[in-house]
Amino acid sequence: MKSREEKLEYGLPLIVSYSYSGNTHRIAQEIQKMTGGNWCEIYPWQPYPMAFPELLEQVKKEVQARGRPRLLPVSCSPHSYSVIFAGTPNWCGTLAPPLASWLYKNDLSGKIILPFYSHCGGVSGDLREDIARLCPKADVREALGMIDDGGKELPDTLHKWFVRTGITDLPGFRAG
């Protein structure tokens with residue numbers, strides 16, 4: 001059996017995600033299942049309000065101020081990975097501040113980043129471009145947006161996205 005470090009050399013991705021309602025969590029879970037990647041959930045130090053009006057008010061303020069909330073400590077490091085899936089809810093047309101904090105605090109130079117997000121049909125934005133601004137030396141590929149958690153079509157949608165973004169051609173990458 002190969003050690004964890006040896007496995008990483010053969011193309012396992014890192015899946016990093018923040019989920020407020022569980023929809024992004026479900027997408028990240030399916031990516032992990034399909035790729036065998038290592039999944040790291042991130043959480044803000046101060047949880048977001050449960051009531052929607054208060055949540056929306058706080059999120060709008062953080063997004064406008066380009067806030068980078070403090071995160072709870074995590075044990076995952078992107079250092080040994082060449083492919084990173086970055087998942088978030090779409091908040092006010094961009095990524096949620098907790099994921100922005102994690103991306104900002106980690107040097108992802110030379111990494112392939114595959115953004116994915118859940119939404120409920122609200123404000124559309126360019127999450128790929130938003131992540132590319134935070135990670136200017138990374139190869140940020142096409143973002144995948146899913147309504148809610150993607151439903152029963154999620155595995156097929158993910159597989160098509162893997163092919164479109166070219167990651168199925170990477171040495172050792174497995175999907176399916």
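View 1. The model is predicted, so to speak of local features pLDDT of at least 70 is needed and side-chain atom pairs count only at pLDDT 80 or more, while totals for chains, interfaces and linings use all residues. Residues are numbered from 1 along each chain as its sequence is written, and side-chain values use heavy atoms, with hydrogens and water left out. I131 is found in α5; here helices (H or I, at least four residues) and strands (E, at least two) are DSSP runs, numbered from the N terminus. Leaving aside neighbours within four places in sequence, I131 is in contact (heavy atoms within 4.5 Å) with L95, L103, I113, P115 and V140.

View 2. D130 lies in α5 and is buried, with a relative accessible area of 13%. When residues up to four places away in sequence are not counted, D130 touches G93, T94 and L95.

View 3. A pocket is, on a 1 Å grid over the protein atoms alone, an open set of points where a 1.4 Å probe fits, with protein on both sides within 12 Å along at least five of seven lines, and its lining residues have an atom within 4 Å of a point. The second largest pocket holds about 260 Å³ of space, the volume being the space filled by probe spheres set on grid points that are joined across faces, edges and corners. Its lining comprises 13 residues, and R66, R68, T94, L95 and D130 are those that lie nearest the centre. Two or more lining residues come from each of α3 (52-64), β4 (94-95), α4 (97-105) and α5 (127-134), and α5 gives the largest share, three residues. By type, the lining has six nonpolar, two polar and five charged residues, where Ala, Val, Leu, Ile, Met, Phe, Trp, Tyr, Cys and Pro count as nonpolar, Asp, Glu, Lys and Arg as charged, and the others, Gly among them, as polar.

**View 4. Helix α3 and its buried face.** The 13 residues of α3 should span 18 Å at 1.5 Å a residue, and the end C-alpha atoms are 18 Å apart, which agrees; the expected span is 1.5 Å times one less than the number of residues. L55, V59 and E62 are the buried residues of α3. Seen down the axis, these buried residues fall within an arc of 65°, so they line one face of the helix, the arc being that of the directions from the helix axis to the C-beta atoms. The buried residues of α3 pack against β3 and α4, while P53, K61 and Q64 are exposed on the other side. After α3 comes R66, with a positive phi near 50°.

**View 5. Helix α2 and what covers it.** In α2 the residues N23, T24, I27, A28, E30, I31, M34 and T35 are buried. They cover an arc of only 160° around the axis, which puts them on the same side of α2. The elements that cover the buried residues of α2 include β1 (14-17), β2 (38-41), β3 (83-91), β5 (112-119), β7 (144-147) and α6 (154-164). Just after α2, G36 takes a positive phi of about 75°.

Terms used: Buried means under 20% relative accessible area, exposed over 50%, partly exposed in between (1.4 Å probe, protein chains only).
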